[in-house]
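Subject: Structure for you to look at

Hi,

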Amino acid sequence: MSVQRKVVIIGAGAVGMTFAFTLQQSGLCRELILIDQDQKRLAGEVDDLNHGLFFVPPQEIRMGSYEDCAGADVIVITAGAKQAPGETRLDLVKKNAGIMRSICEQIVRHTREAVLLVVSNPVDVLTWVALKTSGLPKNRVLGSGTVLDSARFRYMLSRRCGVDPRNVHAYVLGEHGDSEVAVWSMIHMAGIPLTNLCRYCPNNMEEDRERITKAVRESAYHIIEAKGATYYAVSLAMQRIVEAIIRDEKSILTVSSFMEGPYGIHEVCLSLPTIVGAGGAEKVIDPPLDINEEEALRHSAEVLKQYIRETC
Ligand code: NAD
């Protein structure tokens, strides 16, 4: 890990730029490079960020090209095409898989040392594409996965239970998408499993279970319908992952990475609790789940494999 702490963001749209702004305020890196095919807009974005340098820790922020990937600690990919009129969802995935392939081919011409963090959707499929195209070690290619979904789950539980979200321990696993698995059996607060906590609560959580699970799963649809895109919470999730890598934190986060056998799942990228440090997705953890959750996780893996077969 370089002392300079260099991060490259490829794709400076709503998500890429909100993350750049989050990163700028944190002072985590000394060098931040932005790459996008829309050079005119990018120049404006970079000027806008640079005019704030008086207010944040010293750092260099500039437009760049793939050559600037050399020496990067983390390369974050948020580039993607939007759905064109008449285009099917599968066509869009094929197009984004093509974009991911071309980006990764260009990255590895200049570095094989960085950790790649994929955020573009469908994130699990594109993480798989990035891993296969780049030929990097599997730990060094990860996706933002369900870090955001887990944060949404914690937020909704925290509001339901009247507890700070930072004291709610809960995970969403599997696909970042429709087949994701909200793991109710593992929820705890202050070390007390939710089932025990509910004994002290006059309101019956069972009635809210389905509502909360659905609200977490459908969050992005509602936000996109209301304002066209989601970018604030995902940027904080990206910041959390990137700081865990840059500071070699060994934090446990539900990033997406390549599976080699947990719960019988192979040859697909999805999210499980994972130790994240300087090496990227350093170790996948497979906690005991209840039988229905395990089944749902294997189903999620099958959904993703089918997606890969149809689009990649
Ligand atoms: P956006 O359209 O605002 O930005 C995409 C950017 O990618 C644009 O600036 C575009 O010019 C650029 N781009 C496209 N092709 C490129 C290429 N070949 N090389 C370089 N740049 C290229 O979209 P957004 O709202 O910023 O979303 C970006 C991606 O992040 C989408 O795929 C979105 O679905 C995804 N996303 C993921 C999560 C998550 O939790 N994983 C959450 C929100 C959004």
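This is a predicted model: local features need pLDDT of at least 70, side-chain atom pairs count only at pLDDT 80 or more; totals for chains, interfaces and linings use all residues.

Strand β8 (residues 181–189) pairs with β9 in the antiparallel sense, over two bridges.

β8 and β9 belong to an open sheet of three strands, ordered β7-β8-β9, with antiparallel pairing. Which strands stand at the edges of this sheet? They are β7 (168–173) and β9 (192–193); each has a single partner strand, so one side of each is left without a neighbour in the sheet.

A second open sheet also has three strands, this time in the order β10-β13-β14, and its pairing is antiparallel. Its edge strands are β10 (251–253) and β14 (280–284), each of which pairs on one side only. From one strand to the next, the twist averages 40 degrees. β10 pairs with strand β13 (residues 274–277) over three bridges, in the antiparallel sense, and here Ser251 stands opposite Val276 in β13.

Then there is a hairpin. Strand β11 (residues 256–260) and strand β12 (residues 266–271) run antiparallel and are joined by four bridges. Ser256 stands opposite Ser271 in β12. Five residues lie between the two strands of the hairpin, and Gly261 takes a positive phi near 125 degrees.

As background, most residues other than glycine have a negative phi, and most peptide bonds are trans. Asp248 is not a glycine, yet has a positive phi of about 50 degrees. You will find Asp248 in the loop between α8 (232–246) and β10. As for the peptide bonds, the one that joins Asn121 and Pro122 is cis, with omega at about -5 degrees. Pro122 has its place in the loop between β5 (115–118) and α4 (123–134).

The ligand is surrounded by 21 residues, and Asn121 is among the closest, together with Ala14, Val15, Asp36 and Arg41. The shell divides into eight nonpolar, 10 polar and three charged residues.

- Asp36: an N or O atom of the side chain is 2.6 Å away.
- Ala14: a polar backbone atom is 3.0 Å away.
- His176: a polar side-chain atom lies 3.3 Å away.

How much of the accessible area of the ligand does the protein cover? On its own the ligand has 870 Å² of accessible area, and the protein covers 83% of it.

That is what I have for now. Do write back once you have had a look; I would be glad to go through any of it with you.

Best wishes

Note on methods: Residues are numbered from 1 along each chain as its sequence is written. Side-chain values use heavy atoms; hydrogens and water are left out. A residue is near a molecule or strand if one of its heavy atoms lies within 4 Å of it. A polar contact is a pair of N or O atoms within 3.5 Å; within protein, one must be able to donate a hydrogen and the other to accept it, and residues adjacent in sequence count only if both atoms are side-chain atoms. Accessible areas come from the Shrake-Rupley method with a 1.4 Å probe; for residues, only the protein chains shown count as cover. Ala, Val, Leu, Ile, Met, Phe, Trp, Tyr, Cys and Pro count as nonpolar, Asp, Glu, Lys and Arg as charged, and the others, Gly among them, as polar. Two strands pair if DSSP finds at least two bridges between them. Axes are lines fitted to C-alpha atoms, for helices over the stretch in contact, and angles run from 0 to 180 degrees between N-to-C directions.
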